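Take a moment to turn the model around on your screen. Then we can walk through a pocket and a residue together.

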Amino acid sequence: MGRSVSYPSGAIVAFTVLEVEAEDDWEFEYEWLREDLRERAAKAFPSLIPHDGWRGREERILMRNAYADFGVSVYGGLVAVWIVERDDGAYWDADWRTARSPRAQRWLSQIASRFDALFGDYDCLGHMSNGEGVYTKRAA
């Protein structure tokens with residue numbers, strides 16, 4: 001599979017696909033995906049709470065905690081499920097009083113392998129010179 005999907009810089013990313021049989025079903029399937037991801041993330045990482053927002057124009061934030069944003073990006077059926085250190089004003093305002101960034105990085109490194117196992121169905125093998133990613137489905 002060769003495609004490209006955006007996600008925030010520095011994010012832990014897991015790849016899957018959004019299979020839509022009829023173009024008219026795209027919104028329904030996307031909404032179902034978002035709800036499924038929220039439900040699974042809340043069970044796996046109880047500190048995450050629902051949050052509806054954006055990082056840039058393509059990265060949708062679904063949940064967040066004191067340290068991280070959890071979200072999804074979709075391009076042509078390829079889905080990047082990601083978690084990354086927060087980058088909003090309230091986070092950095094709190095950071096100057098008590099340094100959150102080192103704790104955030106530690107928490108993210110602790111959950112990285114579990115996150116990938118929970119949300120990833122594809123592995124990114126690399127990127128071609130035009131920026132297209134090359135992905136392969138994981139063995140069952």
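Strand 5 (residues 68–75) contributes four residues to the lining of the largest pocket, the most of any element. Strands here are DSSP runs of E with at least two residues, numbered from the N terminus. This is a predicted model, in which local features need pLDDT of at least 70, side-chain atom pairs count only at pLDDT 80 or more, and totals for chains, interfaces and linings use all residues. Residues are numbered from 1 along each chain as its sequence is written, and side-chain values use heavy atoms, leaving out hydrogens and water.

The lining of the largest pocket includes Val72, Ser73, Val74 and Tyr75, along with Trp54, Glu58 and Arg60. By type, the lining residues are six nonpolar, two polar and two charged; Asp, Glu, Lys and Arg count as charged, Ala, Val, Leu, Ile, Met, Phe, Trp, Tyr, Cys and Pro as nonpolar, and the others, Gly among them, as polar.

Now look at Arg64, which is found in strand 4 (residues 59–64). Is Arg64 buried or exposed? Arg64 counts as buried because its relative accessible area is 13%, where buried means under 20%, exposed over 50% and partly exposed in between (1.4 Å probe, protein chains only). Its side chain makes these polar contacts (N or O atoms within 3.5 Å, one able to donate a hydrogen and the other to accept it; residues adjacent in sequence count only if both atoms are side-chain atoms):

| Side-chain pair | Distance |
|---|---|
| Arg64 and His51 | 3.4 Å |
| Arg64 and Asp88 | 3.3 Å |

Key
1 Å grid on protein atoms, 1.4 Å probe; cavity = no way out; pocket = protein on both sides within 12 Å on 5 of 7 lines; lining within 4 Å.
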